[in-house]
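Subject: Structure handover

Hello,

My notes on it follow below.

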Amino acid sequence: PNQEKKFTSRCRLFVGNLPPEFTENEFKEMFNKFGEIGEVFINSQKSFGLIKLDTRINAERAKNELDGLPLRNRTLRVRFASNVAAVKVKYLSPYVSNEYLAQAFSIFGNVERAVVIVDEKGKSTGEGIVEFEREAHASLCISRCIEKPFILTR
């Protein structure tokens, strides 16, 4: 069975327009019913928070239910947070699969997800996205690939 990895960067939500004086406990309470909660960050001066839920499905449910919700004379804005640990790759051979892409790029660090972008017929466009567990792994990947070409072969 394809067990979904928990607490990935794809499960991170940005919550904007939080009311003033909104506490971390209140923030967590708001998300309790959507699943396990991972890391939480609140910037009350700028009225926003970030929260990581256990699965993408739970994060989507939370986003759909909470986005646009009125809260203390404010309207919540809930979006998926951008992934700072993602790298776009180009010039892939048409034979590169998602699995091979993940395996090849794992030399730079733990890969959460790797996807070869395909057209409407399912044919590779020669581009892909590699999402690392940590931003440092993505940075390492980029700097190494700038220094010298990274070539995928059989």
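**Helices on the sheet**

Contact means heavy atoms within 4.5 Å. Helices (H or I, at least four residues) and strands (E, at least two) are DSSP runs, numbered from the N terminus.

This is a predicted model: local features need pLDDT of at least 70, side-chain atom pairs count only at pLDDT 80 or more, and totals for chains, interfaces and linings use all residues. Residues are numbered from 1 along each chain as its sequence is written, and side-chain values use heavy atoms, with hydrogens and water left out.

Strand 1 and strand 3 pair in the antiparallel sense over five bridges. In this pair, Gly-16 has Phe-48 of strand 3 as its bridge partner. Strand 2 and strand 3 are also antiparallel, again over five bridges. There, Asn-43 stands opposite Phe-48 in strand 3. Strands 2 and 3 form a hairpin, with four residues between them.

**Residues to look at**

Ser-47 sits in the turn of that hairpin, in the loop between strand 2 (37-43) and strand 3 (48-53). Its phi is positive, about 60°, although Ser-47 is not a glycine. Is Ser-47 buried or exposed? At 16% relative accessibility, Ser-47 counts as buried. The cut-offs: buried is under 20% relative accessible area, exposed is over 50%, and partly exposed is in between (1.4 Å probe, protein chains only).

Asn-17 is another non-glycine with a positive phi, here about 70°. Asn-17 lies in the loop between strand 1 (12-16) and helix 1 (24-31). Asn-17 is partly exposed, with a relative accessible area of 32%.

Thr-8 belongs to the segment before strand 1. Thr-8 is buried, at 8% relative accessible area. Leaving aside neighbours within four places in sequence, Thr-8 is in contact with Lys-52 and Glu-112.

**The whole chain**

The protein chain has four helices and nine strands. From the N terminus on, the elements run β-α-β-β-α-β-β-β-β-α-β-β-α. Along its principal axes, the C-alpha trace spans about 55 × 35 × 25 Å.

Of the 154 residues, 36% are buried. Among contacts with a separation of 6 or more, 60% come from residues 24 or more positions apart.

The chain exposes about 9,800 Å², and carbon and sulfur atoms supply 50% of that. Areas come from the Shrake-Rupley method with a 1.4 Å probe; for residues, only the protein chains shown count as cover.

There are 24 positive and 20 negative side chains, and the centres of the two sets lie 4 Å apart. Lys and Arg count as positive, Asp and Glu as negative; His and the chain ends are not counted. Each charge is placed at NZ of Lys, CZ of Arg, CG of Asp or CD of Glu.

Best wishes

Key:
Two strands pair if DSSP finds at least two bridges between them.
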